[in-house]
Amino acid sequence: QMTATVVLICVQCVNNLDVAPVVMLSISVSMAVNRWMNKHGHDEQQIKIKKLPFLEAEAPHHLLSLRAAALCDGNATGLRRIESFQQVSRALESEAMHFPVLQDGRCIGIISRKYLEAAVRARSASFTAALQDGDEFQTVPIFRFMDATPFILEDKMPVERFWKLFAKGGETVACVASDNGDFVGMISRQGLLAASYR
């Protein structure tokens with residue numbers, strides 16, 4: 001349709017119908033060369049180049065045979081409801097953007113890096129004072145900053161069942177749990193993006 005439109009515009013500009021076949025041929029050849037060189041459209045290329053967090057509405061075909069457990073992001077650093085300052089500092093040394101909050105091996109919440117850093121900043125002044133007093137076990141109340149209602153996916157759930165949660169629902173992270181509720185890992189939007197471009 002675009003090819004015919006461009007040819008029509010060019011023919012109307014020169015007001016000569018004899019140039020239509022030549023223009024149609026040149027545009028068709030240029031489109032064929034473009035499709036041969038570029039596997040994706042211009043918009044998809046820009047999304048990849050700029051690394052925009054865009055997921056297609058449907059899961060890619062190469063991911064359809066996978067289950068949730070296969071798409072878990074690396075080793076998630078689990079935290080407790082009330083965690084020691086040292087353990088929180090170690091967790092923040094990782095590159096993770098979200099951290100699961102675990103109790104008895106089950107995910108009871110998720111805390112983002114932004115909120116965890118805010119919790120550390122709020123406690124850092126009192127932590128410095130506690131170290132001067134000899135108290136090395138200063139704690140951070142994670143439960144006050146966490147999202148206590150995370151999405152929890154079963155580890156055997158097929159990709160097509162939870163893909164739209166991230167693609168259309170806008171969710172950024174979800175916990176993955178086994179049949180009996182034990183924490184398995186986390187699936188993030190960034191992890192799904194990386195998997196979809198493989």
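This is a predicted model: local features need pLDDT of at least 70, side-chain atom pairs count only at pLDDT 80 or more; totals for chains, interfaces and linings use all residues.

User: What makes Glu83 and Arg80 a salt bridge?

Analyst: The closest N and O atoms of Glu83 and Arg80 are 2.6 Å apart. The cut-off between a side-chain nitrogen of Lys or Arg and a carboxyl oxygen of Asp or Glu is 4 Å, so the pair counts as a salt bridge.

User: Why is Glu83 called buried?

Analyst: Buried means under 20% relative accessible area, and Glu83 has 4%, so Glu83 is buried. Its partner in the salt bridge is Arg80. Arg80 has a relative accessible area of 47%, which lies between the limits of 20% and 50%, so Arg80 is called partly exposed.

User: How do you know that Glu117 and Arg113 form a salt bridge, and where do they lie?

Analyst: The N to O distance for Glu117 and Arg113 is 3.5 Å, and the limit is 4 Å, so the pair meets the rule. Both residues lie in helix α5 (residues 113–132). They are 4 residues apart, about one turn of the helix.

User: What makes Asp179 and Lys156 a link between distant parts of the chain?

Analyst: The side chains of Asp179 and Lys156 meet in a salt bridge of 2.8 Å, N to O. Asp179 is in the loop between β6 (173–177) and β7, while Lys156 is in the loop between β5 (152–154) and α6 (159–167). The two residues are 23 residues apart. Asp179 is at 54% relative accessibility, and exposed means over 50%, so Asp179 counts as exposed.

User: How many salt bridges are there by this rule?

Analyst: The count comes to 4 salt bridges.

User: Which residues touch the most other members of the largest nonpolar core?

Analyst: This core has 20 residues, and those that touch the most other members are Leu71, Leu153, Phe162, Trp163, Phe166, Ile187 and Leu192. As members, they are buried residues joined through side-chain atoms within 4.5 Å. The most comes from α6, with 6 residues.

User: What does Phe166 touch?

Analyst: Leaving out residues up to four places away in sequence, the contacts of Phe166 include Leu55, Val173, Ile187 and Leu192. A second, separate core has 14 residues, among them Leu79, Val88, Leu92 and Met146.

User: What lines the largest pocket?

Analyst: The largest pocket has a volume of about 350 Å³. Its lining has 16 residues, and Asp73, Ala96, Met97, His98 and Ser188 lie nearest its centre. Helix α7 (189–196) supplies the largest share, 3 residues. By class, the lining divides into 5 nonpolar, 8 polar and 3 charged residues.

User: Which residues are closest to the centre of the second largest pocket?

Analyst: The second largest pocket holds about 230 Å³ of space. It is lined by 14 residues, and Glu44, Lys48, Glu56, Ser196 and Tyr197 are the closest to its centre. Helix α3 (residues 42–49) gives the most to this lining, with 3 residues. The lining has 7 nonpolar, 2 polar and 5 charged residues.

How values were computed: Residues are numbered from 1 along each chain as its sequence is written. Side-chain values use heavy atoms; hydrogens and water are left out. On a 1 Å grid over the protein atoms alone, a cavity is a set of points where a 1.4 Å probe fits but cannot get out, and a pocket is an open set with protein on both sides within 12 Å along at least five of seven lines; lining residues have an atom within 4 Å of a point. Grid points are joined across faces, edges and corners, and a volume is the space filled by probe spheres set on the points. Ala, Val, Leu, Ile, Met, Phe, Trp, Tyr, Cys and Pro count as nonpolar, Asp, Glu, Lys and Arg as charged, and the others, Gly among them, as polar. Buried means under 20% relative accessible area, exposed over 50%, partly exposed in between (1.4 Å probe, protein chains only). Contact means heavy atoms within 4.5 Å.
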